[in-house]
Amino acid sequence: MNDFPNDFQTVAKSGNQLNPISSYALMQNFVWGRLLVDESLLEDTTAMGFSAKRLKIPPVPQSGTYVLGAISGGLQWIATEECP
């Protein structure tokens, strides 16, 4: 179903009280799922009352075909031709 290091659904459905979900396995999944990004591309925000980080990507253009690229050190959408 997923490729996380630890499948907690299987553990929970097993009903095995002697093999609980470990904090180590939980943290391993959090680290695996975390996007590693240069700090200059992140800004502080909150989500559901918790502190969080938001990736600074310019708004996606509403029409046309674009690729996300870097020009002079900044991210921006670059117009391109549509491929058949």
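A salt bridge is taken here as a side-chain nitrogen of Lys or Arg within 4 Å of a carboxyl oxygen of Asp or Glu. By this rule, the predicted model holds two salt bridges. One of them joins Arg54 to Glu43, with 3.9 Å between the closest N and O atoms. This pair links distant parts of the chain, since Arg54 sits in strand 2 and Glu43 in strand 1, 11 residues apart. The other joins Lys53 to Asp44, whose closest N and O atoms are 2.6 Å apart.

The strands that carry these residues form a hairpin. Strand 1 (residues 42-47) pairs with strand 2 (residues 50-55) in the antiparallel sense, over six bridges, and Asp44 stands opposite Lys53. Two residues lie between the strands, and Met48 takes a positive phi near 55° in this hairpin. As for accessibility, Asp44 counts as exposed because its relative value is 61%. Lys53, at 48%, counts as partly exposed, as does Arg54 at 44%; Glu43, at 32%, is likewise partly exposed.

Leaving aside neighbours within four places in sequence, Asn6 is in contact with Ala25, Gln28 and Asn29.

Notes:
Residues are numbered from 1 along each chain as its sequence is written. This is a predicted model: local features need pLDDT of at least 70, side-chain atom pairs count only at pLDDT 80 or more; totals for chains, interfaces and linings use all residues. Side-chain values use heavy atoms; hydrogens and water are left out. Two strands pair if DSSP finds at least two bridges between them. Helices (H or I, at least four residues) and strands (E, at least two) are DSSP runs, numbered from the N terminus. Contact means heavy atoms within 4.5 Å. Buried means under 20% relative accessible area, exposed over 50%, partly exposed in between (1.4 Å probe, protein chains only).
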